[in-house]
Amino acid sequence: MTMDEMIKSVQKALGVQADGKAGPETWGAIYRQLVTREPLTAPPVPDIADPQSEKHIATLLPEVKPLTRALVEKAANAGIRIRIISGLRTYAEQDALYAQGRTSAGNIVTNARGGYSNHNFGIAFDIGVFEGNRYLGDSPKYKAVGVLGEELGLEWGGNWKTIVDQPHFQLRPVWALNLPERQMLAEFRQRLSAGTAVFA
Ligand SMILES: [Zn+2]
C-alpha cells in the first residue's frame with residue numbers, strides 16, 4: 001500500500017474528502033478523533049442498488065435499468081427509501097400470478113394473463129416504500145415518488161384511470177406514446193414472438 005492509498009483509506013474512514021492529500025480537513029478530523037475522541041461521522045451512503053432491488057433491475061431492458069436506479073436515488077435524495085420489488089415476469093410467471101385467487105390459493109392480485117401485463121416485456125417495475133426495513137404497502141410517499149418518476153420520463157401507475165397502481169412504473173416506447181394500452185401490449189407480444197426489440 002502506498003502512502004497515498006493509506007491517506008485515502010484514513011480519509012474514507014474519517015468521512016472527509018478522499019483525495020490522498022492530508023490537508024487541514026483531514027488533520028482536523030484525525031485530531032478530533034484521536035485527541036477529543038469525537039465519534040466518527042461517516043458520510044451517509046445513499047440507499048441505492050441494494051441487492052434485492054438489483055436482482056429485479058437486472059431483469060429489465062437496458063433502456064429501463066438506468067431510469068430505475070435513478071428513481072431509487074432521487075427518492076433517497078428526497079428522504080424516501082424505496083426498493084424495487086418486482087421487474088420482469090415471464091408469461092408462465094404471469095399465468096401463475098393470474099391463477100392466484102382464481103384456481104389457486106390466495107387473493108386476486110392481477111387481472112392480466114401471460115402476455116397481457118407490461119411486466120412481461122421488461123419495461124415495467126414495482127416499488128415498495130420502506131421505513132427502515134419495514135415495508136409500507138400504503139403511504140403518501142408513493143405519490144411523491146410518482147412525481148419523481150414522471151420527472152424522469154417514466155409513466156406512473158398512480159395516474160391510471162381504470163386500475164390505480166401506485167407502486168407501478170413503466171417506460172413507454174416512443175412508438176407507443178399515443179397508443180391505447182391494449183394496442184401497445186398487442187405490439188409487445190408481436191415483437192417478442194418475432195424477436196424484434198421493444199424499443200426499436
Ligand atoms: Zn406493476
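**Exercises on a zinc site, a pocket and a helix**

Along the chain of this predicted model, the donors of the zinc ion are spaced as H-x6-D-x41-H.

**Exercise 1.** Identify the residues and atoms that coordinate the zinc ion, and state where D126 and H168 lie in the fold.

*Solution.* Step 1: the coordinating atoms are NE2 of H119, OD of D126 and ND1 of H168, at 2.0 Å. Step 3: both D126 and H168 are buried, with under 20% relative accessible area.

**Exercise 2.** Describe the largest pocket by its space, its lining and the classes of its lining residues.

*Solution.* Step 1: the largest pocket holds about 730 Å³ of space. Step 2: its lining consists of 27 residues, and T110, W160, I163, D165 and H168 lie nearest the centre. Step 3: the elements giving two or more residues to this lining are α5 (91-99), β2 (124-131) and α7 (181-194). Step 4: sorted by class, the lining has 12 nonpolar, nine polar and six charged residues.

**Exercise 3.** Determine which residues of helix α6 (residues 141-151) are buried, and why they lie on the same side.

*Solution.* Step 1: the buried residues of α6 are Y142, V145, G146, L148 and G149. Step 2: they lie on the same side of α6 because they cover an arc of only 165° around the axis. Step 3: an α-helix has 3.6 residues a turn, so residues three or four places apart point the same way. Step 4: the face turned away from the buried side carries the exposed residues K143 and E151. Step 5: the cover over the buried residues includes α4 (65-77), β1 (81-86) and β2.

Note on methods:
Residues are numbered from 1 along each chain as its sequence is written. This is a predicted model: local features need pLDDT of at least 70, side-chain atom pairs count only at pLDDT 80 or more; totals for chains, interfaces and linings use all residues. Side-chain values use heavy atoms; hydrogens and water are left out. On a 1 Å grid over the protein atoms alone, a cavity is a set of points where a 1.4 Å probe fits but cannot get out, and a pocket is an open set with protein on both sides within 12 Å along at least five of seven lines; lining residues have an atom within 4 Å of a point. Grid points are joined across faces, edges and corners, and a volume is the space filled by probe spheres set on the points. Helices (H or I, at least four residues) and strands (E, at least two) are DSSP runs, numbered from the N terminus. Ala, Val, Leu, Ile, Met, Phe, Trp, Tyr, Cys and Pro count as nonpolar, Asp, Glu, Lys and Arg as charged, and the others, Gly among them, as polar. Buried means under 20% relative accessible area, exposed over 50%, partly exposed in between (1.4 Å probe, protein chains only). The arc is that of the directions from the helix axis to the C-beta atoms. Contact means heavy atoms within 4.5 Å. Donors are N, O and S atoms within 2.8 Å of the metal (3.2 Å for Na, K and Ca); water is not among the atoms, so sites may look incomplete.
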